[in-house]
Amino acid sequence: MSINRTAVITGSSSGIGLGIARGLAATGMNVVLNGIEPEEQVDPIRRAIEADFGVKARYDRANLMEPAGVRALMAGAEERFGSVDVLVNNAGIQFVSPVDDFPDEKWQAIINLNLSAAFYAIKAAVPGMKKAGWGRIINIASAHGLVASPFKSAYVAAKHGIVGLTKTIALEVAEHGITVNAICPGYVWTPLVESQIPDTARARGMTEEQVIRDVLLAAQPTKKFATVEEMAALAVFLTTEGAASITGTALPVDGGWTAH
Ligand code: NAD
């Protein structure tokens with residue numbers, strides 16, 4: 001992998017995005033981290049990437065709820081590193097509630113961040129990738145991009161949407177050396193999963209232990225959380241020449257969940 005390549009990974013100050021950023025940096029790419037955490041919280045993470053892998057890492061606190069934030073992130077990356085060769089649309093939030101109580105503003109926020117931000121980032125990245133004749137776009141969808149669970153109407157709609165977006169853009173850019181794929185994780189132990197357990201417990205009238213055993217891992221035949229490192233391994237593979245013919249796919253990494 002060329003040392004000169006640059007990857008932008010949205011929502012990479014923690015969880016899956018950070019794992020993918022570290023995985024891509026380990027192949028020699030410069031990385032642009034993004035998230036909403038304060039600079040001082042992410043700076044040690046950023047510096048560790050530079051020290052561990054000898055690449056440049058930048059942290060951009062752009063808020064991707066608004067198209068202008070997405071455009072600023074992409075423009076800043078191009079300005080700093082000259083190109084965006086790999087785009088990983090990973091930033092995402094969750095909200096769990098029966099549809100009749102689902103707050104309108106939560107629906108809108110989830111659609112904005114989990115779906116629309118990916119559209120605006122892709123729109124900004126594709127011209128440079130076409131010019132270079134090479135690019136990799138990886139959208140972090142979810143098993144919930146392929147199947148549904150109750151009480152997650154906005155999240156499941158956004159994740160199904162990003163799978164459709166993946167296929168559409170893959171077809172549009174296929175002749176330009178650009179691949180576009182979705183990774184569909186099952187449950188991965190990250191702050192996003194941890195924080196939805198109390199709400200799920202309330203919505204289903206269960207204890208938090210029951211939610212982990214009977215809701216989260218019940219869907220996952222391996223009975224284990226998938227890992228951030230497993231997501232990174234697949235993302236890294238998708239950036240290699242060996243993956244040049246893999247495009248327009250939605251790849252489950254879900255311990256067998258969607259085999260049901
Ligand atoms: P996480 O909560 O650990 O990280 C979320 C990241 O998004 C953070 O870096 C946060 O700063 C960033 N973010 C939040 N709001 C933002 C905003 N307005 N603008 C920019 N960045 C913002 O989450 P995670 O579990 O690592 O999830 C990452 C992705 O993987 C999400 O799209 C999620 O839907 C998907 N996913 C996660 C799981 C899982 O089990 N953890 C399963 C399937 C899919």
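Colleague: By class, how many nonpolar, polar and charged residues does the shell around the ligand have?

Modeller: This is a predicted model, where local features need pLDDT of at least 70, side-chain atom pairs count only at pLDDT 80 or more, and totals for chains, interfaces and linings use all residues. Residues are numbered from 1 along each chain as its sequence is written, and side-chain values use heavy atoms, without hydrogens and water. Ala, Val, Leu, Ile, Met, Phe, Trp, Tyr, Cys and Pro count as nonpolar, Asp, Glu, Lys and Arg as charged, and the others, Gly among them, as polar. By class, the shell has 16 nonpolar, 13 polar and two charged residues.

Colleague: Which helix gives the largest share of the shell around the ligand?

Modeller: Helices here are DSSP runs (H or I, at least four residues), numbered from the N terminus. Helix 1 (15-26), helix 5 (153-173) and helix 6 (191-204) each give two or more residues to the shell. The largest share, three residues, comes from helix 6.

Colleague: Which side chain has an N or O atom 2.7 Å from an oxygen atom of the ligand?

Modeller: Polar contacts here are pairs of N or O atoms within 3.5 Å. Ligand oxygen atoms lie 3.2 Å from a polar backbone atom of G11 and 2.8 Å from one of I16. The side chain at 2.7 Å belongs to S13.

Methods:
Polar contact = N/O pair within 3.5 Å; in protein donor to acceptor, adjacent residues only side chain to side chain.
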